[in-house]
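Let's take a walk through this protein model together. Keep the viewer open and follow along as we go.

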Amino acid sequence: MGPAAVLLVLLLPLAVAAGGPEVHSLRGSWQLRSGNGSVSLRAEVPGCVHTALLCQGLIQDPYYRFNDVMYRWISLDNWTYSRTFKTPFDIRKWQKVNLVFEGVDTVAQILLNNVTLGRTDNMFNRYSFDISSVIQEVNCVEVRFLSAVSYAAEQSRCHKAHSIPPACPPPVQKGECHVNFIRKSAALEAWWPNGHGKQTGYNMTTTFMMEAGCQIEKFSKVYFRTVELIQEPIPGSPGLSFYFRINGRPIFIKGSNWIPADSFQDRVTSDTLRLLLKSAADANMNALRVWGGGVYEQDEFYDICDEMGIMIWQDFMFACALYPTNQNFLESVRAEVSHQVRRLKSHPSIILWSGNNENEAAIASNWFSIPYPDIGVYIADYVTLYVKNIHEIVLREDKSRPFVTSSPTNGLESVKEGWLSHNPYDTHYGDTHFYDYSNDCWNWTMYPKTRFASEYGFQSWPSFSTIEKVSSPEDWSYTSNFSLHRQHHEGGNIQMLQEIGRHFKLPQSPDPVKQFKDMIYLTQVMQAQCIKTETEFYRFSQSEIINGEGHTMGALYWQLNDIWQAPSWASLEYGGKWKLLHYFAQNFFAPLLPVAYEDKGMLHIYGVSDLHEDHKVTLRVTVHAWSSLEPACTLAKEGVTVKAQSAVPIYKESICDLLGRCRNCTRESCVITFCLVGEDGLQSPRNHYFLSSLKDAVGLEKTQLSASVSQQDDIYIFVLQTTAIAPFVTLDVGSIKGRFSDNGFLMTEKKKTVVFYPWEPTTVEELESSLILTSLLDVV
């Protein structure tokens, strides 16, 4: 019968006078009590009894194990929602005042000031009650719900005519009986983010009845979910938490930042959007931040995100700049914000409105060198634009989602400091943006142990096949005018070389085109390895507080997609081709992942899980000498518990002790790989940990890589073979559109199978002729 006593939407009062209707909402905090009064608590409307009990810690997750049966008592009890409210208008000026309900689930008695207005028995109906003669200056409204289970059973008993089958559902469905005697949703599985459940939607038809018998029908998709931004004290730490709770469940946000898919928006088709967004979902992402320097995306973008379970952090389009606050500008902004919120607020994928990108930080850090005596003027403008205008409009138009004025921000602490904090990058509050191109990106200690990482990244070049389309042979050099022209980040090309040089040998081929291709390959390897290190750091920091920092609950790297063919922070090239970073993201965002880091000579491995249940798994650790495909030693730690939606330490050992047991391995001569294996096919990706820079590796030798290609239905199977350990093995089929199941991997076995998923028709022959296999030692 679904959850008990769901009160989805409540609108108060629709007051009608000659001047037209005026609508006020009764959404917000209500009081909820059980039938005998033994349970009494605060509850949010829209909401339901189960989520209210869950939010107060009175029950556990109803979806966990057998809790749906354990908590059946909730559906068998009667529940009452109540609240008082002041009438927000002069009663005497209105001809008629209605109290309007949407989605009352299901059987209820409605009272205002102890006067029964009527009853409901159909959650799909809209109920409107005339309260003109009952309403007072201060009012008490009550919604007294009867148990839908008991009501349906009683209706069945009272039915004296022919039987109405089925009396009960099949036992396997574990459902309530007599559901056909009540107009109630049989199951409400809610909209869930990618990886956490289904994106259940309901088809709805709205009919507008016009004069003279005309009518208009609108067909739409309806989803149900709740979203909360939790900012509350954390034991053992100053500051506040900053995480999202969806349908009562804390969710670790995994994803990237979205920019416009093309400089020319008319070229962004439905297929373009679907390809890019599916690539995000296929890489285990559950969220994207629509960056405030781009555009409000078209309706179809949000439709696809709804469908795929991709949560959206939606910036308003203000970024990296200060803005005027004259009357004409503000009027234009008010119209813009009202329109966009009304257009987009029905999408469950949008979980947050954000006023701007980095403008709080711009003022706090004085990016624009404003003389100190004048700062107050700009602070006042900031508050006028983002608080007194944008925020107030959002509150009026959409109270169902949280709002922050900026990103990065200290959230409630910024509000406390007058909406602009003195340090918006404080790791104890809100979200942070972090970029550092001068230090070693393999060193996890350089990254902030923040509450939420909403921007971070490193650049790379797109593949040669992408660059080739917009260049000529004289451009194919890392130092060509073309290469300088395409780089729009100050010093970006040099920064990439510096990062590469820390851990790899720079290309020295006498052939300039070969050297250019080698450099492209290394920039992608370096970008992938850098963001892997940083993202894994954020993921294993989610459950711990160290020196007051931690409980990281979000990782959105910069950026997902590209607007043109150029070096950038993107993991998807212009046109959608996956860079190595995107293949790495598929692994470092996996729902089950072992993560390793080194601290003071000790190797630590954490088990990171987004799964909803604890799992017993085996940790398998393998140490390989670079010079051999045969393992130097292996270790299996059985009975490891990886806790649901958390990151817990599962292994710790001195690296010296570990290597000493492995045929006298050294840091330079060996590499560590590891994975988690459980029952029923549960398995993590295989991860790796480098004990030294690969430019210092001892025993690596150039391998002979080969591949055979075969077709199997609409996919293609690549069987790779190697004669030696091969780091960062990359398959590239040029301009043939599609993606591989894995790429850029460390190959420590003689044979590996990789699947190619084409995005357009191709053949085995085309793939074979286009295939280029590269590993680290192919760079000369």
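Predicted model: local features only at pLDDT ≥ 70, side-chain atom pairs only at ≥ 80, totals over all residues.

Residues are numbered from 1 along each chain as its sequence is written, and side-chain values use heavy atoms, with hydrogens and water left out. Helices (H or I, at least four residues) and strands (E, at least two) are DSSP runs, numbered from the N terminus.

Start at strand S3, residues 28-34. S3 pairs in the antiparallel sense with strand S4 (residues 40-45) over 6 bridges; strands count as paired if DSSP finds at least two bridges between them. Gly28 sits opposite Val45 of S4. The hairpin of S3 and S4 has 5 residues between the strands, and there Gly37 takes a positive phi near 80°. S3 also pairs with strand S5 (residues 79-86), again in the antiparallel sense, over 4 bridges, and Gln31 stands opposite Ser82 in S5.

Val45 has another point of interest: a cis peptide bond, with omega about 5°, joins Val45 to Pro46. Pro46 is in the loop between S4 and helix H1 (49-55). A cis bond also joins Ser407 and Pro408, with omega about 0°, and Pro408 lies in the loop between strand S20 (403-404) and helix H10 (412-416). As background, most residues other than glycine have a negative phi, and most peptide bonds are trans. With that in mind, look at Cys320, whose phi is near 50°; Cys320 is in the loop between strand S18 (311-315) and helix H7 (327-344). Ser369 has a positive phi of about 50° too, and is located in the loop between helix H8 (359-364) and helix H9 (375-397).

How covered are these two? Buried means under 20% relative accessible area, exposed means over 50%, and partly exposed is in between (1.4 Å probe, protein chains only). Cys320 counts as partly exposed because its relative accessibility is 33%, whereas Ser369 is exposed at 61%.

Now for some buried spots. In helix H6 (residues 299-308), the buried residues are Phe301, Tyr302, Ile304, Cys305, Asp306 and Met308. Their packing partners include helix H5 (270-282), S18 and H7, where contact means heavy atoms within 4.5 Å. Helix H15 (residues 580-588) has 8 of its 9 residues buried, so it is largely enclosed by the rest of the structure. Among those buried residues are Leu580, Leu581 and Phe588.

Leu581 is also one of the residues that Gln527 touches, along with Phe458 and Trp569, among others. Gln527 is found in helix H14 (residues 512-540) and is buried, with a relative accessible area of 0%. A polar atom of its side chain lies 2.9 Å from the backbone oxygen of Phe458. Glu455 is in strand S22 (residues 453-456), and its contacts include Arg289, His433 and Trp558.

That leaves the charged pairs. The structure holds 26 salt bridges, each being a side-chain nitrogen of Lys or Arg within 4 Å of a carboxyl oxygen of Asp or Glu. Lys278 bridges to Asp282, with the closest N and O atoms 2.8 Å apart. Both lie in H5, 4 residues apart, about one turn of the helix. The geometry makes sense: an α-helix has 3.6 residues a turn, so residues three or four places apart point the same way. Lys514 and Asp518 make a salt bridge at 3.0 Å, N to O, and they too are 4 residues apart, this time in H14.

Finally, find Glu598 and Arg667, a salt bridge with its closest N and O atoms 2.4 Å apart. Glu598 lies in strand S26 (residues 592-599) and Arg667 in the loop between helix H16 (655-660) and strand S31 (670-677), so the pair ties together parts that are 69 residues apart in sequence. Salt bridges that share partners also join Arg33, Glu142 and Arg144 into one network.

Note on methods: Polar contact = N/O pair within 3.5 Å; in protein donor to acceptor, adjacent residues only side chain to side chain.
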